2 protein chains.
Amino acid sequence: MTFALTHLIDLERVLALYPETDLDRDTAIATLAEAARFAEMVIAPLDAVGDREGLQYRDGEVTTPTGYREAYSRFIEQGWHALPCDPHYGGQGFPRAIAAMAEELWRSSNMAFTGCMTLTHGAIAALEARASAGLKERFLPALVKGRWSGTMNLTEPQAGSDLSAIRTLAAPSADGTYRVKGQKIFISWGRHDLTDNIIHLVLARTPNAPAGVRGLSMFLVPQQLLDQDGNPGPGNDVRCASIEVKVGQHSAPTTTMLYGSEPTDSGEEGAIGYLVGDLHKGLEIMFIMMNEARFGVGTEGLAATEHALQTARSYARERIQGSEAGSASDVKVPIIRHPDVRRMLMRMKAAAEGMRALCVVIGAAIDQALRSSDAQQRNEAQHFVDFMTPIFKGGNTEAANELTSLGVQIHGGFGYMEDCPAARHWRDVRISAIYEGTTAIQANDLVGRKIARDGGAQARKLATQMRDVGEAACTHEDLVALGAALVTGADTIDTVTNILLDRYGHSQPDVLLVSVPILELFWIAAIGWQLGRGALAAQGALAAADSDQTFLRAKIVTANFFAQHWMPQMEALRREITASSDAIVALSDDQV
Amino acid sequence: MTFALTHLIDLERVLALYPETDLDRDTAIATLAEAARFAEMVIAPLDAVGDREGLQYRDGEVTTPTGYREAYSRFIEQGWHALPCDPHYGGQGFPRAIAAMAEELWRSSNMAFTGCMTLTHGAIAALEARASAGLKERFLPALVKGRWSGTMNLTEPQAGSDLSAIRTLAAPSADGTYRVKGQKIFISWGRHDLTDNIIHLVLARTPNAPAGVRGLSMFLVPQQLLDQDGNPGPGNDVRCASIEVKVGQHSAPTTTMLYGSEPTDSGEEGAIGYLVGDLHKGLEIMFIMMNEARFGVGTEGLAATEHALQTARSYARERIQGSEAGSASDVKVPIIRHPDVRRMLMRMKAAAEGMRALCVVIGAAIDQALRSSDAQQRNEAQHFVDFMTPIFKGGNTEAANELTSLGVQIHGGFGYMEDCPAARHWRDVRISAIYEGTTAIQANDLVGRKIARDGGAQARKLATQMRDVGEAACTHEDLVALGAALVTGADTIDTVTNILLDRYGHSQPDVLLVSVPILELFWIAAIGWQLGRGALAAQGALAAADSDQTFLRAKIVTANFFAQHWMPQMEALRREITASSDAIVALSDDQV
């Protein structure tokens, strides 16, 4: 993390964007070291406990596993929850680039536990951007502190990826509030016992609103209504009807929420809600939360991979099995000495380091987009973030599915035991490529809104940056393989971008048939680009008198590994993308 | 299945190898239809039950889920268990090519349930090949019938992939039997309530045996010793100490077995066992079982993929979500209309059909190897089977990991629910790439014993056959893309084979660093070859007056899909394999 913050972004410049926080480089790094200790000592030990115990549901209440309440209390008391939040509402005002690294630590320690904070941060972002001053003052301080948590209520049984099918209704009341009635499913952290209140952000339809997504508005529906002092008071008509039994993330409640399900004496039925932002602008507000959450879920892919790597590496160093390949000796060795175990670990390592680099770089761009005094810089940074978000979310989580599975493989039969940490990482992360928009949703966003809409400008920029790194790498003897792969990769990105734009003009569905392979291609390019930047930086840093040669040389090797053993995949994807897609759709639904 | 049996092998010739069975083509196909009904009506409904209920362990006894005992009884009573077995011992004497298709049905209906039979068939193969006439007559009839089951006892805590570390001891007794003492772990179906007896085949070391695998012998250790009438009599000193809680296959017991753990009054401790075959030839006998099991586990990869496809396809046809891409209409459509869902289903379909074709072709080759009157034909067929086994086992199961995960993805959030069938397929099959030799073990077997040892002869033969199919395909307008991919693929196989042989001569470990990518490459080649043969056959069959045009055209489209959207992966693998492997091993163990 220190390497990425030091060599891959201009940390001083990022810190300067937050003058009110008065944070210097050393304090920032020291804070991460402190976060790592907290993650290791307090959160990580609960990962196995939470997986084993799961959640208790009774009469609408959800009880978290042993130790969760205490850990969460300490987490918010020590200010970790508020790390990236606005000091005006009690936040610590840390740059996103640094907060994202802290989030990797929380997520890798216990993905399920950390989800609660992710949702709350999403709600904070939405409220900060669009809520009235009154709502902000009443709700943001407790949300920022973590005393209350937030949720994102989108999905209904008939409305998953397709939000236009949402039926939950919000009827205006005479007092200016709304009465919300409907059922929401798959609501993460919709009910739990970690906080005093839960602030639901609910996407709903007002009477006579336009059909489809244009008729959706966003409502803040507190679990407990606030009393005159702003404290949680009387209950609202919001009920958790059940929780799901899932493959992983056993300690993260996934709830079915009923709004306005209780009978009333008065004529007005429904949970009391407050309109957030303008009427019929619900989707825009949802996307503020969603983009926040997508960056978080991309970080989840990184975190799961890193934890799976650490688990598998420890096991591979300790598990003695077989003798060294090609050796005449029959002395037994740790399996980390076996060729294929090494290959699998290198895949995990390269991807984790590349994803982390990308995470820091996107985080720094978010900081620029939020804080730069220069409008053009803000604009450029925002475009980069918008472009990278689906790649980071979709690519990291798909990679994490493969890489956590390698973690299982390295454990052999032990990896298949329900309580093996390797199995847990693999089970926990499987939802990450689904929630907050499936990989196909990310891919369609990438090819449509992020590549086609700007005529491929951002995509070509990535190719140019990649090529620049590649050409620089080619001048170093140790980096020639990496350099060549990056230059070739940049050409591939340009080629595919042109083909995509050409096809998109003729037939959007044709492009959507290969949008996921396109996303995978861009993810490999982005990871290669960042590993390349890291290798160049490491090469440069080697000369320093006090440099950590062992660490820096590993950076170079890891980047070369990725270039030689993963980037060839780009050529396969190019061929798959540019081939005729006829065969994908030639069959009738019945023939498939 | 009928298509594969009709067009991809010479079924009449295969049937002619089993004259005593007096089976004709129509009866063989009708038997499979009957098997399909049994699988669907009796076995498949237990899949969810078994996953949910799991197993009960108490005092060394294991109870299977509700309905398992009855279903198993009907299964053996109707003779399904004995389908491929020798009529001399009560078997039905069906060719392997046909029995393998029945096995796909059992496995896809309930992978966990079917495992018991797999182990028994492995034990039967070992005993048929090497046991004394006395052991055969006492044990084979009940094993063939399925009244008793078999197990394969290899793994110990310190001896997983490395069997040379086995410590279980078998001491000769004065009566010619042995006393077996030791602990075995991860023993599939080591204890259960489906049969009257369990026949353990135990790999153990005799006193003063040579070190390593050369000192291992195979012992038959019955759970219950036989009485004078050959019925299960007094208990043997074999105890199931515990069962594992696994990620999937909840109804398949994975046991820890203790041999000779009870105190005795006499000086002789240990479970009574009978030597199978010659002393110190245990590994050879183990490989007879193992190769049988590997073909079965490869079929498991096929079966899991097919079931995942059927589950996902049904869901995709019924789940209404979103409107058609590129359409102005906002009418909601089933998700099978969405481009990426279609792409994922086509991946599953192509792989399932290719794996099934390969399964039948390998099955027919096993029949030739076992039964042909021509020694050279037997020899050639056996070489083909030996070559294909690691490809089929390793490649199918790795593909099944990806493809069952696509099944989860198609289900969206519902796929992450513990009791979703899609999640079950994905969880159940995750062990298949681990047990009976991990993918790396298969890959090392492929590059060493199967490619290097014969100087690449079998590998080049595959390339030649692939090229022939490709060139034939190129002459049909509808198959040009397929033909080109097969010809290119054949060249890639030749190239990689040459590089492999060259490197292997210099440094075996260098080849092992990329042995898994090599296995993946050969798997894609083999699948493409078979899909190509199928497409050519379909093309030919289209002209027939009563041909099923819908079905046959789907074969052509599916093969083209694989050629255009999966076979490009061969080029990526070629580059990965031929690149320098230095970066995989350049780091010290601490640097990884």
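**Exercise 1. The interface**

How many salt bridges does the rule find across the interface of chain B and chain A? Work on the predicted model shown above. Then describe the extent of the contact.

*Solution.* 
Step 1. Apply the cut-off: a Lys or Arg side-chain nitrogen within 4 Å of a carboxyl oxygen of Asp or Glu. The search across the interface of chain B and chain A returns 6 salt bridges.
Step 2. Take one pair. Arg337(A) and Asp589(B) form a salt bridge, with N to O at 2.6 Å.
Step 3. Count the residues in contact. On chain B there are 90, and they touch 90 residues of chain A.
Step 4. Turn to area. The size of an interface is often expressed as the accessible area lost when the parts come together. Between chain B and chain A about 7800 Å² is buried. Carbon and sulfur atoms give 61% of that area.

**Exercise 2. Salt bridges within the chains**

Find the salt-bridge total over all chains.

*Solution.* 
Step 1. The rule gives 63 salt bridges over all chains. Side chains of opposite charge can pair when their charged atoms come close.
Step 2. Start with Arg107(A) and Glu300(A). Their side chains meet at 4.0 Å, N to O. Arg107(A) sits in helix 6 (residues 96–109) of chain A, and Glu300(A) in helix 9 (residues 282–318) of chain A. The two are 193 residues apart, and the pair links distant parts of the chain. Arg107(A) and Glu300(A) are both buried.
Step 3. Next take Glu284(A) and Arg130(A). The closest N and O atoms of this salt bridge are 3.0 Å apart. Glu284(A) belongs to helix 9 of chain A and Arg130(A) to helix 7 (residues 111–130) of chain A, so the bridge ties together parts 154 residues apart in sequence. Glu284(A) has 38% relative accessibility and is therefore partly exposed. Arg130(A) has 33%, so Arg130(A) is also partly exposed.
Step 4. Move to chain B. Glu353(B) and Lys349(B) form a salt bridge of 2.9 Å, N to O. Both lie in helix 10 (residues 339–371) of chain B. They are 4 residues apart, about one turn of the helix. Glu353(B) is buried at 13% relative accessibility. Lys349(B) is buried at 7%.
Step 5. Finish with a network. Glu324(A), Arg337(A), Arg342(A) and Asp589(B) are joined through salt bridges that share partners.

**Exercise 3. Cysteines**

*Solution.* 
Step 1. A disulfide is a covalent bond between the sulfur atoms of two cysteines. The cut-off is 2.5 Å between the sulfurs.
Step 2. Cys240(B) is in no disulfide: its nearest cysteine sulfur belongs to Cys116(B), 14 Å away.
Step 3. Compare accessibility. Cys240(B) has a relative accessible area of 1% and is buried. Cys474(B), at 35%, counts as partly exposed.

**Exercise 4. Positive phi**

*Solution.* 
Step 1. Most residues other than glycine have a negative phi.
Step 2. Trp189(A) has a positive phi of about 55°. Its loop runs between strand 5 (178–188) and strand 6 (197–205) of chain A. Trp189(A) is buried, with a relative accessible area of 1%.
Step 3. Asp22(B) has a positive phi near 55°. Asp22(B) lies in the loop between helix 2 (11–16) and helix 3 (25–43) of chain B. At 70% relative accessibility, Asp22(B) is exposed.

**Exercise 5. Domains of chain A**

*Solution.* 
Step 1. The division gives domain 1 (2–143), domain 2 (148–279) and domain 3 (450–580).
Step 2. The C-alpha centres of domain 2 and domain 3 of chain A are 43 Å apart.
Step 3. An unreviewed UniProt entry lists "domain: Acyl-CoA dehydrogenase/oxidase N-terminal" at residues 32–146 of chain A. That span is 68% helix and 5% strand, with its end C-alpha atoms 19 Å apart.
Step 4. UniProt (unreviewed entry) also lists "domain: Acetyl-CoA dehydrogenase-like C-terminal" at residues 472–587 of chain A. Here the chain is 80% helix and 0% strand, and the end C-alpha atoms lie 48 Å apart.

Note on methods: Residues numbered from 1 in each chain as written. Chains lettered and ligands numbered in written order. Heavy atoms only, no water. UniProt positions renumbered as here; feature names shortened; annotations may be inferred. Domains from an automatic or database assignment. Buried < 20%, exposed > 50% of the residue type's maximum accessible area, 1.4 Å probe, protein only. Contact = heavy atoms within 4.5 Å. Buried area = accessible area lost by both parts, 1.4 Å probe.
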